[in-house]
Amino acid sequence: MFPSKQDSLDKQISSKPIEDYYDKWEANTDEKELIKLSWSNDFDFLFTLGSNIYIYIFEHNPKTRELFPGIHQYGENWQESKEFRKQALNFVQTLSFAVKNIYHMDEVADYLYKIGERHVKFADRGFKPEYWNIFQDAMEVSLEQQIASLPNFNESQQHEAIRVWRRLALYLITHLKRGYFERLNSNKDIIL
């Protein structure tokens with residue numbers, strides 16, 4: 001049985017909000033290497049991961065489909081559409097950037113912040129702040145599936161990789177949310 005998402009986090013985080021902890025989180029050297037070892041730039045790996053993330057999102061929150069009219073115009077065949085493939089690969093590019101820059105987390109934070117800011121424009125299409133949580137869940141579940149299939153990892157290594165990726169997923173979402181909410185709030189200030 002894999003450890004729960006909160007087991008190791010609860011031991012390390014005091015009473016401060018979890019987003020505050022992950023604002024400055026940085027993996028240690030062993031964790032960084034484990035992230036790199038459990039990642040692949042192979043097209044099939046990336047496409048499968050990106051596809052699984054979006055399939056999870058659409059299955060667990062069907063309202064998110066409204067954000068992607070180009071994908072869902074294909075009805076039952078939406079997973080075969082070039083728009084779906086493009087979106088799946090776009091998302092894993094963000095993960096790939098984080099892995100590539102795992103030793104430069106300040107660059108990753110800035111990159112994510114800007115993506116979060118850009119998502120404010122999707123509010124008109126129905127993007128809701130709580131969708132960040134489904135993206136985080138989708139990343140965690142999909143990465144866990146990918147890691148469980150790695151042939152060169154024993155069970156202990158899989159557990160540790162899953163733990164580290166969960167922390168990285170939370171870091172990613174924390175910075176995406178920060179960019180989103182700060183831009184959203186600055187837009188409200190302009191309107192007022």
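This note covers aromatic pairs, salt bridges and a charged patch in a predicted model.

1. Basis. The model is predicted: local features need pLDDT of at least 70, side-chain atom pairs count only at pLDDT 80 or more, and totals for chains, interfaces and linings use all residues. Residues are numbered from 1 along each chain as its sequence is written, and side-chain values use heavy atoms, with hydrogens and water left out.

2. Aromatic pairs. There are 19 of them in the structure. Rings of Phe, Tyr and Trp (its six-membered ring) pair if their centres lie within 6.5 Å; planes under 30 degrees apart are stacked, over 60 edge-to-face, the rest tilted. Phe58 and Trp78 pair edge-to-face, at 5.3 Å centre to centre and 75° between the planes. Phe58 sits in helix 4 (residues 43–60) and Trp78 in the loop between helix 5 (69–72) and helix 6 (82–100), so the pair ties together parts 20 residues apart in sequence. Helices are DSSP runs (H or I, at least four residues), numbered from the N terminus. Both Phe58 and Trp78 are buried. Buried means under 20% relative accessible area, exposed over 50%, partly exposed in between (1.4 Å probe, protein chains only).

3. A second pair. Tyr180 and Phe181 have ring centres 5.3 Å apart and planes at 85°, so this pair is also edge-to-face. Tyr180 is buried at 1% relative accessibility. Phe181 is partly exposed at 31%. Both belong to one aromatic cluster, whose members include Phe58, Trp78, Phe91 and Trp132.

4. Salt bridges. The count is seven. The rule asks for a side-chain nitrogen of Lys or Arg within 4 Å of a carboxyl oxygen of Asp or Glu. Arg167 meets Glu31 at 3.2 Å, N to O. Arg167 lies in helix 9 (residues 155–191) and Glu31 in helix 3 (residues 29–37), so the bridge ties together parts 136 residues apart in sequence. Arg167 and Glu31 are buried. A salt-bridge network links Glu31, Glu160, Arg163 and Arg167.

5. Further bridges. Arg166 and Glu144 have their closest N and O atoms 2.9 Å apart. Arg166 is in helix 9 and Glu144 in helix 8, so parts 22 residues apart in sequence are tied together. Both Arg166 and Glu144 are buried. Lys63 bridges to Glu66 at 3.1 Å between the closest N and O atoms. Lys63 is partly exposed at 46%, and Glu66 is partly exposed at 45%.

6. Lys121 lies in the loop between helix 7 (105–118) and helix 8 (131–148). Lys121 is exposed, at 57% relative accessibility.

Methods:
Helices (H or I, at least four residues) and strands (E, at least two) are DSSP runs, numbered from the N terminus.
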